[in-house]
Amino acid sequence: QVHVVESGGGLVQPGGSLILDCAASGSFKRISFMAWYRQAPGKERELVARTIFRGTTDYADTTDYADSVKGRFTISSDNAKNTVSLQMNSLKPEDTAVYYCNVLVMTTVGVTTLPRTYWGQGTQVTVSS
């Protein structure tokens, strides 16, 4: 079983900043990637940012962002601690949504290694004056 827990949401004025944190714990072989998604009322869940762990010193971990948040949001992670954070700056009302942490882990099932995805419970971010 894998547990994914987010924290850090809240109410902020337009132009303000927030940091979201996510921690994964439980039984798994390794984490392949950690990501932040969001879902606004009446809209589909969308990818905000993600970081892919290469698992080797030969290749750097990679990150990518939704166009709507590029230059404003920064994702950072600590593979050793199984945590990921999302620094959100210059927040806009359209950033208002429930933000979810998503983790893809590799688990051992018998003699096989299989991918499994897990979601956190979500944290509300409201940008309003």
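Trainee: Where is the place of Asn 82, and is Asn 82 buried or exposed?
Mentor: In this predicted model, Asn 82 belongs to the loop between β7 and β8. The cut-off for a buried residue is under 20% relative accessible area. Since Asn 82 has 18% relative accessibility, Asn 82 counts as buried.

Trainee: What is phi of Asn 82 near?
Mentor: Most residues other than glycine have a negative phi. Asn 82 is a residue other than glycine with a positive value, and its phi is near 60°.

Trainee: Which loop holds Ser 90, and what is phi of Ser 90 near?
Mentor: Ser 90 is found in the loop between β8 and β9. With a relative accessible area of 41%, Ser 90 is partly exposed. Ser 90 is also a residue other than glycine with a positive phi, and the value is near 50°.

Trainee: In what order do the four strands of the open sheet lie, and which are the edge strands?
Mentor: Strands of a sheet pair through backbone hydrogen bonds, either parallel or antiparallel. In this open sheet the pairing is antiparallel, and the order is β1-β3-β8-β7. Neighbouring strands of the sheet are turned by 15° against each other on average, when direction is ignored. The strands that pair on one side only, and are therefore the edge strands, are β1 and β7.

Trainee: Which residue takes a positive phi in the hairpin of β4 and β5?
Mentor: β4 and β5 are paired in the antiparallel sense over six bridges, and Met 34 has Thr 51 in β5 as its bridge partner. The hairpin has six residues between the strands, and the residue with a positive phi, near 80°, is Gly 42.

Trainee: What is the bridge partner of Arg 50 in β6?
Mentor: β5 pairs with strand β6, residues 62–65, in the antiparallel sense over four bridges. Within β6, the bridge partner of Arg 50 is Asp 64.

Trainee: Which residues are in contact with Leu 47, leaving aside its neighbours within four places in sequence?
Mentor: Leu 47 has its place in strand β5, and at a relative accessible area of 28% Leu 47 is partly exposed. With neighbours within four places in sequence left aside, the residues in contact with Leu 47 are Ala 35, Trp 36, Tyr 37, Asp 64 and Ala 66.

Trainee: Which residues touch the most other members of the largest nonpolar core, and which element gives the largest share?
Mentor: In soluble globular proteins, nonpolar side chains tend to be buried together. The largest nonpolar core has 29 residues, of which Trp 36, Leu 86, Met 88 and Tyr 99 touch the most other members. Elements that give two or more residues to this core include β1, β3, β4 and β5. The largest share, five residues, comes from β9.

Trainee: Which residues does Met 88 touch, not counting residues up to four places away in sequence?
Mentor: Met 88 is one of the residues that touch the most other members of the largest nonpolar core. Not counting residues up to four places away in sequence, Met 88 touches Gly 16, Ser 17, Leu 18, Leu 20, Arg 72, Phe 73, Tyr 99 and Val 125.

Trainee: How many aromatic pairs does a search of the whole structure find, and why is the pair of Tyr 37 and Trp 119 edge-to-face?
Mentor: The search of the whole structure finds two aromatic pairs. The ring centres of Tyr 37 and Trp 119 are 5.0 Å apart and the planes stand at 65°, so this pair is edge-to-face. Tyr 37 in strand β4 and Trp 119 in strand β10 are 82 residues apart.

Trainee: What angle lies between the planes of Tyr 100 and Trp 119?
Mentor: Trp 119 is partly exposed at 38% relative accessibility, while Tyr 100, at 14%, counts as buried. Their edge-to-face pair has a distance of 6.4 Å centre to centre, and the angle between the planes is 85°.

Trainee: At what distance from the ring centre does Arg 45 lie over the face of Tyr 100, and how far is its charged end from the ring centre of Trp 119?
Mentor: Ring pairs link Tyr 37, Tyr 100 and Trp 119 into a cluster. Arg 45 lies over the face of Tyr 100, and the distance from the ring centre is 3.8 Å. The charged end of Arg 45 also sits over the ring of Trp 119, where the distance from the centre is 4.6 Å.

Definitions and conventions
Residues numbered from 1 in each chain as written. Predicted model: local features only at pLDDT ≥ 70, side-chain atom pairs only at ≥ 80, totals over all residues. Heavy atoms only, no water. Core = buried A, V, L, I, M, F, W, Y, C linked by side-chain atoms within 4.5 Å. Buried < 20%, exposed > 50% of the residue type's maximum accessible area, 1.4 Å probe, protein only. Contact = heavy atoms within 4.5 Å. Phe/Tyr/Trp six-rings, centres within 6.5 Å; stacked < 30°, edge-to-face > 60°. Lys NZ or Arg CZ within 6 Å of the ring centre and 35° of its normal. Pairing = 2+ DSSP bridges. Axes fitted to C-alpha atoms, helices over the stretch in contact; angles between N-to-C directions.
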